[in-house]
Amino acid sequence: MLIVSCIALLACLCGATPVLSSMGPLGVDGQHPLLPTTSIPSINYSVGFCLSSSYGAAAVVIDDANGKTRTLTWQVHGDLAYQKVMARLSLDSSRHLAPPYEGMDDYFADIPRVLARRALKKLGLPASIDVGILATVIKKLRGQIESDLGITVTDAVLATTHLEAIYEDDVEDICENAGFQHVTPKRAYRPMIYETGAAYGGYGFGWCKHWQNDTQCQKEIVELPAISILGVHYSETALTSTLAYIQTPVGPWEGYGHRVENFTLGSNSKTRYKREDEYWNDVKGAILKRMVETPSLRKPEMIIVTGDMTSDDDFQCVLKDGVEEHLGWLPPIYSGCAAVAAAKGAAELRRRGKAPWSK
């Protein structure tokens, strides 16, 4: 048994390079050509997905030979198992060791978990139960894309809602289980793309104009403003809010003390309240929570809205009235494509190329 254990350990050490936390500067890398996923060379498809609190969304940016671009979107609602997984992954108690590690001690301590995931994948199974459940939604979306467009999705960018216990290896393994390669976007130093940043891009912000000229694009990025935004997500199962500092879709900073993830305030929770105004008062409190508790935080200059229940008139009123009452003014609100904004941003990230170290 000792020999077997040693062999397994050596296999893990030789097959996995430790990923350590790093906050170093991003390098300027060359543009990587996008790979067409169709037999028609004159058309290119760039695919992006987003796993949200109660549903998944997908977007495809289509570039044709005439220089015209259009974007198509899809949505699939998660079942009860999906909703339960997302709710559980929002809890501090669900956190565990995972890349990027803070040091070599964490790397070695996580080897048993890594070996177990690899063993399951060798058997053709999901890397974990959670991965299998979340990948089900992505598989359905992939199937719809391939059926509607007559293409094969070979790779994509996957964004996720920012929860405490969704990690880099989860994102990569979800894509692998769904049958395509996970892509880390250009200029991203980590594989994780969060919903707020992706939606910022989906609404048209944070992009350089000359993205096919790397030198010019980098100059334009330096000139982009880094702004404070209030990101609000509202779905059937959850309400989340975050105060994020964003310059580009791949680089938002939304630390732990800036976020609220509440899976008891989705639209389905109204029936749990004796009076609906009590529910909306709690929704208002969750939206404003970080601003109220930490008044020193930079005030939001923009509100980015995501989720599939944001068109609710009462929600819109609570959001607008609550923020204006607290700040004394109302920042511009972007909510026109709330359900698919993050997926659209993810697809545009794929369109603009891979990070040099992406698989």
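I looked up cysteine 337 first: with 18% relative accessibility it counts as buried, because the cut-off for buried is under 20% relative accessible area, with exposed over 50% and partly exposed in between (1.4 Å probe, protein chains only). The model is predicted, so I kept its limits in mind: local features need pLDDT of at least 70, side-chain atom pairs count only at pLDDT 80 or more, and totals for chains, interfaces and linings use all residues. Residues are numbered from 1 along each chain as its sequence is written, and side-chain values use heavy atoms, without hydrogens and water.

Next, cysteine 175. Its relative accessibility is 0%, so it counts as buried.

Then I searched for disulfides (cysteine sulfur atoms within 2.5 Å). The whole structure has 1. It links cysteine 208 and cysteine 217, S to S 2.0 Å. The angle about the S-S bond is -85°, a left-handed link. Cysteine 208 and cysteine 217 are both buried.

Glycine 353 follows H11 and has a positive phi, near 110°.

Last, leucine 123. It sits in the loop between helix H4 (111-122) and helix H5 (129-149).

How values were computed:
Helices (H or I, at least four residues) and strands (E, at least two) are DSSP runs, numbered from the N terminus.
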